[in-house]
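This report goes through some local features of the structure below, one topic at a time.

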Amino acid sequence: MSSPELVLRVLRTQLRAAGITYKVLAERIGMSESSVKRMFGQHDMSLSRLALICKASGIAMEDVLRGAADITPHADTLTLVQEKSLVAHPRLLLVAICCLGHWSLEQVVETYALTQAECIGCLAELDRLGLIELKPLNRYSLRVSNAFHWLADGPVQQYFREHVVADYFSGHFDGAGETLMCIPARLSLSSAQELVQKIRQLAEELARLHQNDRRLAPAERDGFTLLLGFRSWEFAAFTALRRSSASAAPATPYQTGPRNR
C-alpha cells in the first residue's frame, strides 16, 4: 500500500471517530459530497487539501501523518547490496546494530570511540541505505520491521561467523538472565518444521520485550543477544569415527540427523 493510501486511510478513520461524515465534510470545505467521495476513493489529495480538511475537522495533520508512518509496512530484511555496504565498514555496522537496539546518538558517542561527526555521518549513510529514516536533531526511526533478521548466509551472517561467533561462545553463560543449551534429538521433518516455527515465535517475543523495555531508563537495561541455530548436524570429529554402515546407527550425542559420508 502506498503512502497516500495510508494517509487517507488514517484520515478516514479519524473523521469517523470524530463523527464527521462525507456530507458534513463537504459542507465545511465547500465541495460537493460526490467530489469528496471521489477524492477519497481515488486516493487523490494534495497536501494543501489535506491541511484544509484537517483544519475544518479539528484534526491535527501531524497526527494523521504520524499515524500513517506508524502503520507503513517495513521490510524484514535488507538487500544483499545493503548488507555488503555494512560489512565493508565495521563502524557503520556497529552504528547499524546500535540503531536496531534503539540507541540514541548520544549513547553511541558516549560508549564507543566515535566522534559526533562520525556518528552523524554513519546515520546519514544508514538513511541512504534504507535502514533508518534520519530526522531533525539527529533522531531517527527504523525502516525495518520488528521481525527484522539478517539475510540467511548473507554478508552480515558470514561476517558474524568469521568475527563474532567464537567471541560470543567464549563466555561462560552463567550470568543473570544467561543460558546455553545444546540439545540433540532425532526428529521427523514435520517436527523439525514445527520447532522452527516456535523459534520464530520466540524471536517475535524477544522483539516485543525489547520494544516494551524501551520505556525504561538506560541504567535499567543491559545488552543481551540471542543466537539461535537449528540444523541437521554432527560434530565432524564424531563423524570421522563412524563405521561405514553407521547411517542406520543410533544418534551420537551431538547428532541431530543422519549423515552419509
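## Salt bridges within a helix

Glutamate 33 and lysine 37 sit 4 residues apart in helix 3 (residues 33–41), a separation of about one helical turn. The model is a predicted one, and in it these two side chains form a salt bridge whose closest N and O atoms are 3.5 Å apart. Glutamate 33 is partly exposed, at 31% relative accessibility, and lysine 37 is also partly exposed, at 44%.

Glutamate 125 is partly exposed, with a relative accessible area of 25%, whereas arginine 128 counts as exposed at 58%.

Glutamate 118 forms a salt bridge with arginine 91, and the closest N and O atoms are 3.4 Å apart. This pair links distant parts of the chain, since glutamate 118 belongs to helix 9 and arginine 91 to helix 7, 27 residues apart. Both residues are partly exposed: glutamate 118 has 36% relative accessibility and arginine 91 has 45%. The count of salt bridges in the model comes to 8.

## Helix 7 and its surroundings

Helix 7 covers residues 90–100, and its buried residues are Leu92, Leu93, Val95, Ala96, Cys98 and Cys99. What do the buried residues of helix 7 pack against? Their partners are helix 6, helix 8 (105–111), helix 9 (116–129), helix 10, strand 1 (132–135) and strand 2 (139–142). Just after helix 7, histidine 102 has a positive phi of about 65 degrees.

## Helix 6 against helix 10

Helix 6 (residues 80–87) packs on helix 10 (residues 155–163) at an angle of about 35 degrees, and the two axes are 8 Å apart. On the helix 6 side the contact is made by Leu80, Glu83, Lys84 and Val87, which meet Pro155, Val156 and Tyr159 of helix 10. Sorted by class, this contact has 5 nonpolar residues, 2 charged residues and no polar ones.

Leucine 226 lies in the loop between helix 12 (189–212) and helix 13 (236–239).

Definitions and conventions: Residues are numbered from 1 along each chain as its sequence is written. This is a predicted model: local features need pLDDT of at least 70, side-chain atom pairs count only at pLDDT 80 or more; totals for chains, interfaces and linings use all residues. Side-chain values use heavy atoms; hydrogens and water are left out. Helices (H or I, at least four residues) and strands (E, at least two) are DSSP runs, numbered from the N terminus. Axes are lines fitted to C-alpha atoms, for helices over the stretch in contact, and angles run from 0 to 180 degrees between N-to-C directions. Contact means heavy atoms within 4.5 Å. Ala, Val, Leu, Ile, Met, Phe, Trp, Tyr, Cys and Pro count as nonpolar, Asp, Glu, Lys and Arg as charged, and the others, Gly among them, as polar. Buried means under 20% relative accessible area, exposed over 50%, partly exposed in between (1.4 Å probe, protein chains only). A salt bridge is a side-chain nitrogen of Lys or Arg within 4 Å of a carboxyl oxygen of Asp or Glu.
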